[in-house]
Amino acid sequence: MADSVEATGVRRGFFSLLALVSVGFHLWLIFAGLIPNLVSRPLHLMLALPWVFLAAKSGPERSGPLRRWSGRLLCLGGLLACSYIIVNLESLDEQYGSLRGPLQYGLAIVLLVVVLEMARRAIKLALPLVALAALAYGLFGQHLPGEFGHPGIPVNSFLGTLVIAEGGIWGSLTGVSVNVVAVFVILGAFVGAGEGGAGFMALATRLAGRFRAGAAKVSILSSAFFGSISGSASANVASTGAITLPTMKRLGYPPSFAAAVEAVASSGGQIMPPLMGAGAFIMVELLRLPYTAIMAAAILPALLFFWAAWCGVDRFARGYGLKGMAREDLPDRRTLLTTVPFFLIPFGLLLAVLFLSGYTPQFAAGLAIFAAATLLITDRNGTFSILAFLGRFEGACNSAARQIATIAAIIICAGIVIGVLHMTGLGVKVTSVIVGLSGGHLWGALLLTALACLILGMEVPTTAAYVICISVAGPALQELGLPALQAHLFVFWYALLSTITPPVCGTVFIAAGMAQTPWVPVAGKAMRLGLGLYLVPLAFVANPALIAPDTALFPALLALVKIGLGLWLISRALIGAGDPLWLRIASFVAGAATIFGLGVAA
């Protein structure tokens, strides 16, 4: 028993030290100046490998000796391969992405296997299968008949571009993960490690608790606040749902309704700036636009999503006869004043530096992290404790390092797919197919793209689904006249559909499990509450002014009001709450006409 306890202590110490190194490395990159990509990106992967292969949760299906030993071997192989690239950086640069000798071929195979298995362990099988299919196409696609074949790529150049050059696993997507996403993940972890989460809940409860179905509306606001830093739907359900779901059930809310509210509200975290589940930063890289421009474009559609959920909750509340929260259940002013600063100070600093200076988003986030870390030394009661600070700091580092590793597993594996698409020209061929099937009509291409996003997003994480779909469908949408920023936002939103849409509906399953209720009724209610996820992307295509508040504020606000009214009418139609059928049909027609009948141009 003593040996077991000692081993557990050593393990915890190792991963705490690793987490500290990971956080320190990614913060150091902000201020260190230019570091060669084939140094920083392999180091990023090296710091992620142990979290996936060695720190997996224990359990009957995870603790077998084969899994443990294979994880150790793969971790060691990945560490050695990354070290080889860093040490031999100068000679590899002179090879221009072409492998030489059996050692480098072995290196390529090891790295590809490590990345594929890393993604499988972190996020299941779908994304590695897509990457494996892409690799097979790159190696053997020249044997395919017709236009989907390619001329053939020498194996040394194909594999070399993927593993020793910046055309695959070390490509620009990995650069986004290293330089930007990791920093914002660290910020979210440090804000959440202290009283920031309590501040979110206190503010949301104070603002929304007194309204009809107040506890459900608290869930919407708290998920919007929390999602803005977590960028993860599942993390949002687990954190805010642990508080809001028991509260809603205690107040007599039907369990299926309570779970649907939490599932929908949590899904919105991935479209809420500033983090957006890493999507905002990938858009910056792909579109070459300032980060502030992406935030400006994303904010009003995100607000409309939560507005639609709010309207749906209000309609359901009428039917169920749900009241607001009692005054004694609302946080008092002292709680509000002592908890809100724990997230307001870091966020205020982040936004001030972003919009009032010329510094990069990474630098702004770095300053906000230092502010959030400083606040960990105290709590809402003003108690200062070094011991408590160390515990919170360790928890923040561990949470950040684990999330960085998961995101790295997704993005690096997706980099394989993107690399193959670029080398083989497959993306151009798929684009021509989409344009052909749509008959040259933009709305037809949008529907085909939405269907592709839904199917791919059923098993592939949102960020990866967005990257893959925009690579193949984005050029087609732009060829048919859709501006690039609209195309990217459209694809990113529809990559989220599977979070609440059966048969996968990941957040629905999590919320239904937490509420201990069957998932099918939850999914039915969630799709109606989450109608913004289905309609808002179409709305900002019809009303492009909505995503241009930085250049045309008044038309953007006009579009916001117009689309918001339409969403309210459609929500009323879908959630009758006792309305006669003729009124619901009239509301639906009026809502659709309001949103799409007269677009507002930027």
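Me: Is tyrosine 96 buried or exposed?

Reply: This is a predicted model, in which local features need pLDDT of at least 70, side-chain atom pairs count only at pLDDT 80 or more, and totals for chains, interfaces and linings use all residues. Residues are numbered from 1 along each chain as its sequence is written, and side-chain values use heavy atoms, with hydrogens and water left out. On the scale used here, buried means under 20% relative accessible area, exposed over 50%, and partly exposed in between (1.4 Å probe, protein chains only). Tyrosine 96 has a relative accessible area of 75%, so this residue is exposed.

Me: Where does tyrosine 96 lie?

Reply: Tyrosine 96 is not a glycine, yet has a positive phi of about 50 degrees. Helices (H or I, at least four residues) and strands (E, at least two) are DSSP runs, numbered from the N terminus. By that numbering, tyrosine 96 belongs to the loop between α4 (89-93) and α5 (101-123).

Me: What is the phi of arginine 288, which is not a glycine?

Reply: Arginine 288 is placed in the loop between α13 (279-287) and α14 (291-320). With a relative accessible area of 65%, arginine 288 is exposed. Its phi is positive, at about 60 degrees.

Me: How do the axes of α12 and α24 stand to each other?

Reply: Axes are lines fitted to C-alpha atoms, for helices over the stretch in contact, and angles run from 0 to 180 degrees between N-to-C directions. Helix α12 (residues 255-267) and helix α24 (residues 519-529) pack at an angle of about 50 degrees, with their axes 8 Å apart. Angles under 35 degrees count as roughly parallel, over 145 as roughly antiparallel, 65 to 115 as roughly perpendicular and the rest as oblique. The two helices, α12 and α24, are therefore oblique.

Me: In which crossing does α12 pass α24?

Reply: A crossing is left-handed if the near helix is turned anticlockwise from the far one by less than a right angle, and right-handed if clockwise. For α12 passing α24, the crossing is right-handed.

Me: How do the residues of the contact of α12 with α24 divide?

Reply: Contact means heavy atoms within 4.5 Å. From α12, Ser256, Phe257, Ala259, Ala260, Val261 and Val264 meet Pro521, Val522, Lys525, Ala526 and Leu529 in α24. In sorting them, Ala, Val, Leu, Ile, Met, Phe, Trp, Tyr, Cys and Pro count as nonpolar, Asp, Glu, Lys and Arg as charged, and the others, Gly among them, as polar. The residues of this contact divide into 9 nonpolar, 1 polar and 1 charged.

Me: Which residues does serine 256 touch, not counting residues up to four places away in sequence?

Reply: Serine 256 is found in helix α12. Its relative accessible area is 11%, so serine 256 is buried. Not counting residues up to four places away in sequence, serine 256 touches Thr517, Pro521, Val522 and Lys525.

Me: How is the pair of phenylalanine 509 and tryptophan 519 arranged?

Reply: Rings of Phe, Tyr and Trp (its six-membered ring) pair if their centres lie within 6.5 Å; planes under 30 degrees apart count as stacked, over 60 as edge-to-face and the rest as tilted. A search of the whole structure finds 20 aromatic pairs. In the pair of phenylalanine 509 and tryptophan 519, the ring centres are 4.8 Å apart and the planes stand at 45 degrees, so the pair is tilted.

Me: What are the relative accessibilities of phenylalanine 509 and tryptophan 519?

Reply: Phenylalanine 509 is in helix α23 (residues 506-515) and tryptophan 519 in helix α24, 10 residues apart. Both are partly exposed, phenylalanine 509 at 36% and tryptophan 519 at 30%.

Me: How do α8 and α16 run relative to each other?

Reply: Helix α8 (residues 172-193) and helix α16 (residues 341-356) pack with axes 10 Å apart, at an angle of about 155 degrees. That angle makes them roughly antiparallel.

Me: Which residues of α8 and α16 make the contact?

Reply: The residues of this contact divide into 7 nonpolar, no polar and no charged. From α8 come Phe184, Leu187 and Val191, and from α16 come Phe342, Phe343, Pro346 and Leu350.

Me: How far apart are the C-alpha atoms of glycine 279 and tyrosine 466?

Reply: Glycine 279 lies in helix α13 and, at 0% relative accessibility, counts as buried. Leaving aside neighbours within four places in sequence, glycine 279 is in contact with Tyr466 and Phe492. Glycine 279 and tyrosine 466 are 187 residues apart along the chain, and their C-alpha atoms are separated by 7.9 Å.
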